[in-house]
Amino acid sequence: MSAVNNNECNRLNKTLDIANFGVSTIEPIEKFTKALYRSIDLFLGYAGKVSTSFSMLSSRLKGSVDIIEGISIYSRVSELACPDEKGRYFFSKNTWQKCTDRVLVAVACVFKTINAGIKLCVLNLGKIASSTIGRISVFRLIPDCCIAIGSVFAIWDNKNVLKEVNADLKVASAKVEQWTNRSTLIEQVRSGNYWEIVELKTRYEGKVKKIQVEINNLDPVNDSKSIAKKMAILKKYQDRLDKIQLNDNVGLADDLAKQDINFKLKKWSIVQSNGMINKNKAWIGIANSISKIFIITYATTLGALGMLTGPYWLSVLATGIVVDSIGLTKCLYAYGAKTQRPPKESSAVV
Amino acid sequence: MTSPSLAIESVDRNFVAVPIHDQANKQTNPSISTWYGRTVNEVKNCAHTIFSKIVFLAQKVIGALGSIAVDSNTVAGIFRRLNGQVFDALQHLKVIPPNIDKLKNAAGSFVGCVDTLQVVGGVDYFCSKKYNADSDVKVASRISIFVADVAGALLWFQEMSFINLSKAAAALGNIRLFSFVPKVVASVPLVRDVSSLQRVSAFVGEVRVFGAINQLSMCVIARRAQTLFYAFSAVDTIHTISKAGSSSERKIQAGLDLSYWISELALDALLTAGMTNVVGLGVVGAVCITTNVARFAYKTYK
């Protein structure tokens, strides 16, 4: 009962912590306010009645979004131009697809800042401010196009990340299963279970061949440390094969039991959990990018055709709410679901 | 003694006559070229060093601006002072155009929105028991800012006519919590005949326990709570500075925080005293912004 209460308390604390992050950081506030004023406008448009309080709230939220869009340029530029705590620049630690996406987002931010400045009467660009391309303001069309194109690269990058993460997850899941069943395996080997021992023999023979190939491919001068480590692992498997050959089941079981099962299980469980978190982040990123491409294409097409009225406008608002909700989820998930550092193994090969 | 002509003839035929000034150059040319090369290298290094320092400084400034633009509290604090004092001062001095009402309205909306959302931060602080790790003064400051945030949120919603605080206060103020007492006394057979007890029960039944609420102003509550927050925060930073075990980094951070709290308290005192000098208030507001940015930048970059 107390464990259940503790879990509930921890869940509540975690939720409040994420909510606190959401109200302390500009990006979640932007997504939340956009979703909220679009919801109000959708409700007002659908119901047809104009409530003074809600329309005032909607206009205040739009004012807040203008301010946020005006200042977001600083965070975008600092992300690209400034090194992180370890002195690495954005372009050197990310793929070219992600870099392209962020550069396009920064370009979009510049236009959004100019647009916010025009709306708030801080900037006066004269006729340029009212220039349009196909009934759509230039300062709306260009950033939207940049975001849409950037989202394509973001989807590409997330797909690549998913590929890597799925491969790592497969390995981690296999390891977790292996170490979960380790104790049972040791008992079966100790009792002389034929099929288990045959399976172990086949597995170790495959590993010995693989490690021998890896050692042959390494440079003896430059990769001496890696070679030494692989030689130690090779010896370990060869010793086990020798024990199998001599029918020394007890010795083999003792050798298998030398490794710290709990440590290995904890390590690979953390690796698996990290993999799941990265996979979820990649999927949410893909969903976010696809929704952005859809809403921009839809709204731009309707705007160009002069159909941003009535039910079409309501559908744009509804889609916008979904897009902002996905964006808010992405922000909060990136904060709430943090990867853990797996425990470090000792360099000794056991 | 040979004649000059014979002396000349005795000269080595292989000797090539070199003009004296070229002879001098031949001996000093290696040092000139070395000096020239060294100077060019030093100029290049100097230019490179200056350029790297400019780039480094620019990165620090952009990084600080980027960090500030992400933190909603700091941005709201900056816009609060810009909207409240600095814009008015700049308009008075005709530095900025007079038609910035849209910007001021948007900035006011942003500050109101962020302040309302900060109620969630207060709820998290108390529900997650984060106060266990803080000193009593710090907890008092958090309570004050929570009250200020709640009052500010109520005022914000009142501005948009979602709620009517005066009506709510009047309704609360009219509550007679012990109105059941005369009825209870009247229902008890022997007790209801005691006239003094009847008078007392009637008096208790008419007591309006929350009558004082009618006299309160939410605006005053929000302002006073915010002043208390600045005061408690200043006291907490003084404790940190005077504590023997504090590291120098913590003391510097506390010093910058203290400068910010004092500037806010000074502005609050000037506003309470009814100061109307727009430029003076603008200067104090600008000081508040500068100290706020400085303390945040140090927290991020130390």
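**Briefing: interface, nonpolar patch and cysteines**

Helix H2 of chain B, residues 20–70, gives the most to the nonpolar patch, contributing 3 residues. The structure is a predicted model. Between them, chain A and chain B bury about 3,100 Å², and a search of the whole structure finds 0 disulfides over all chains.

**Nonpolar patch**
- The patch covers about 360 Å² of surface and is made by A:Tyr74 together with B:Leu57, B:Val61 and B:Leu65.
- B:Leu65 lies in helix H2 of chain B.
- The relative accessibility of B:Leu65 is 36%, so this residue counts as partly exposed.

**Interface between chain A and chain B**
- Of the area buried between the two chains, 71% is on carbon and sulfur atoms.
- A:Val23, A:Arg60 and A:Ile67 supply 19% of the area that chain A buries against chain B, more than any other three residues.
- In terms of contacts, 35 residues of chain A touch 34 residues of chain B.
- There are 2 salt bridges between chain A and chain B.
- A salt bridge joins the side chains of A:Asp17 and B:Lys130, with an N to O distance of 3.6 Å.

**Cysteines**
- Over all chains, the count of disulfides is 0.
- A:Cys99 is in no disulfide, and its nearest cysteine sulfur, that of A:Cys82, is 15 Å away.
- A:Cys99 has a relative accessible area of 8% and is therefore buried.
- A:Cys145 is also in no disulfide; the nearest cysteine sulfur belongs to A:Cys146, at 7.0 Å.
- With a relative accessible area of 37%, A:Cys145 is partly exposed.

Notes. Residues are numbered from 1 along each chain as its sequence is written. Chains are lettered from A and ligands numbered from 1 in the order in which they are written. This is a predicted model: local features need pLDDT of at least 70, side-chain atom pairs count only at pLDDT 80 or more; totals for chains, interfaces and linings use all residues. Side-chain values use heavy atoms; hydrogens and water are left out. A disulfide is a pair of cysteine sulfur atoms within 2.5 Å. Buried means under 20% relative accessible area, exposed over 50%, partly exposed in between (1.4 Å probe, protein chains only). Patches are made of residues with over 30% relative accessible area and no salt bridge: like charges are joined within 9 Å, nonpolar side chains (Val, Leu, Ile, Met, Phe, Trp, Tyr) within 5 Å. Accessible areas come from the Shrake-Rupley method with a 1.4 Å probe; for residues, only the protein chains shown count as cover. A salt bridge is a side-chain nitrogen of Lys or Arg within 4 Å of a carboxyl oxygen of Asp or Glu. Helices (H or I, at least four residues) and strands (E, at least two) are DSSP runs, numbered from the N terminus. Contact means heavy atoms within 4.5 Å. Buried area is the accessible area (1.4 Å probe) that two parts lose on being put together, summed over both.
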